[in-house]
Amino acid sequence: CLVAGLRSPPPATVLRRDALAAATAAVAAGSVLPDAAEAAGDRGYSAVLGGPFEFGFPLAAPKRATVRRELVPGRIWSFEQVQGLIYVHVPVRMTAVKLDAGGLLLYSAVAPTEECLRLLAEVEATAGAVRHILLPTVALEHKYFAGAFADARPDAQLWVASAQYSFPLDLPLDLQGFPRGTKRLPDEMAPGRQGGGGAAEGGADASDRPEWAEQLPYKVLGPIAESVGAFQEVVLFDRPTGTLLVTDLVVGVPTAPPEVLRVNDDRALRFHSRDSPAEEAVATDEARAIGWKKICLFALYFQSSPLAVTSPPDGSPAGAVRFFRSAFPAEVPAEARALGWNGFIAWSWKPDWRDAFEALRGGGRPLVPPIIQVAILNREPRRVLEFVRAVGAEFAFTQIVPCHFDAPVSATPKEWSEAFNFLRASPVGGPGARGDLPAADLAFLRAFEAGLVRAGTIRRAAPRV
């Protein structure tokens, strides 16, 4: 994130401890999809990074549905919303972990809508109140909600990844939108030296160590700093369940649309199901699955090789005019136009988009998102791989819960390590391991990276190691 930290506004009604008394005595297993939530108006929040936006009203607050799923019975819950633009909606996840000492730790807050807080209160009624909230990154889409969620649970301690910053002035935490009493997470969580990830020399004092770190040891990657901004991520390992919690470092790409997309706004899946402007958008499960796979290609590549832009902008005012003229084709059917965005569709898909999706998905194995591969981690591959090695060596996990896309992702330290083969001169894992993504699909991101290098925004990539 290369912009200043912002604090989101509080929800219309903040549920505090009185919500616990009103919560149900038992939490239903599996997905919880409150049918009455939208009618009750408790999904509203601010518009930043929200989606869906109606064309012509980009600052209108969207509806943000929350789906709660129990990932590990009685131990770990996922609270999922969506984020995105032009119906490129992907799940964003807050994970709640039951602490052995009592209560909950929240990893990476989402928007504290009334619906979300009500669903959380139901878990608190059985697992105990939220005691800690962790912001494990400096990325805006996660940072934006941390302060407001801490306000909604004022008795909880808010911890933040240590490299929090604001631009152009680097302000103290309470002026970046965090409540007073917010603590920077020590870069090292255990006695002695922690391997990898830029831990502070000598480690943290015992008095600085979070009380939850015995159950949830952590490691920190970064900061990987550039001329403006940085990348930093804190990963946690929940010992009782063998679960690794990550933010953006890896994702798992499912073939079926996540439930939260259908609950939040089904139009997103239908909008992206079409191969061309003249095609009708049908409301079938097959079409929704197609729409989801194309959303994945959009979200992770921005512009993959099977995507043909009708009139690509060339950076000139005339090119921009041509692009927007072509982006609202007359042949869009009325029912497709009614989905929103006034019939906007500036592209068509080539038949080989399915091959591109399968290569991206890689059988559901952990994937480092392409933009992070191309423009962030390859600046310091040796440092990243040492962090990857340390995580795999010290945390015996069997599943990963990322903040985006699928969860949980079945993976051990072996699959975790193989996800970072793009940094290695000699990949590990043998046949079937993750290798390089197709060069044609990375071409747009490579050009984007080159522009950032020319502008002096980021360094040149380092050689593989």
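Predicted model: local features only at pLDDT ≥ 70, side-chain atom pairs only at ≥ 80, totals over all residues.
**Overall make-up**

The protein chain holds 15 helices and 14 strands. Of its 465 residues, 55% are buried. Among contacts with a separation of 6 or more, 70% come from residues 24 or more positions apart.

Let's start with the open sheet of seven strands, whose order is simply 1-2-3-4-5-6-7, with mixed pairing. Its edges are strand 1 (67–72) and strand 7 (183–184), each of which pairs on one side only. Strand 1 runs antiparallel to strand 2 (residues 76–83), and five bridges hold the pairing. If you want a spot to look at, Val 72 sits opposite Ile 76 of strand 2.

Helix 3 (residues 114–127) lies across this region, over strand 1, strand 2, strand 3 (90–98), strand 4 (104–107) and strand 5 (130–135). Its direction makes about 175 degrees with strand 2.

Over at strand 14, two bridges connect it to strand 13 (residues 399–401), and the two run antiparallel. Gln 399 has Ser 410 of strand 14 as its bridge partner.

| Helix | Strand | Angle |
|---|---|---|
| Helix 3 (residues 114–127) | Strand 2 | about 175 degrees |

**A helix pair**

Helix 8 (residues 285–301) packs against helix 11 (residues 353–361) at an angle of about 65 degrees, and their axes are 10 Å apart. The crossing is left-handed. On the helix 8 side, the contact is made by Ile 290, Lys 293, Lys 294, Cys 296, Leu 297, Leu 300 and Tyr 301. Helix 11 brings in Trp 353, Arg 354, Ala 356, Phe 357 and Leu 360. By type, the residues of this contact come out as nine nonpolar, no polar and three charged.

**Two loop residues**

Glu 226 is in the loop between strand 8 and strand 9. Is this residue, Glu 226, buried or exposed? Glu 226 counts as buried, because its relative accessibility is 18% and the cut-off for buried is under 20%. Leaving out residues up to four places away in sequence, Glu 226 touches Arg 379, Thr 457, Ile 458 and Arg 459. With Arg 459 there is a polar approach too: a polar atom of the Glu 226 side chain lies 3.0 Å from the backbone nitrogen of Arg 459.

Ile 376 belongs to the loop between helix 12 (370–375) and helix 13. Ile 376 has 22% relative accessibility, so this residue counts as partly exposed. With residues up to four places away in sequence set aside, Ile 376 touches Ile 224, Phe 231 and Ile 371. The C-alpha atom of Ile 376 is separated by 9.9 Å from that of Arg 460, a residue 84 residues apart from Ile 376 along the chain.

Notes:
Residues numbered from 1 in each chain as written. Heavy atoms only, no water. Pairing = 2+ DSSP bridges. Helix = DSSP H or I, 4+ residues; strand = E, 2+ residues; numbered from the N terminus. Axes fitted to C-alpha atoms, helices over the stretch in contact; angles between N-to-C directions. Left-handed = near helix turned anticlockwise from the far one by under 90°. Contact = heavy atoms within 4.5 Å. Nonpolar A, V, L, I, M, F, W, Y, C, P; charged D, E, K, R; others polar. Buried < 20%, exposed > 50% of the residue type's maximum accessible area, 1.4 Å probe, protein only. Polar contact = N/O pair within 3.5 Å; in protein donor to acceptor, adjacent residues only side chain to side chain.
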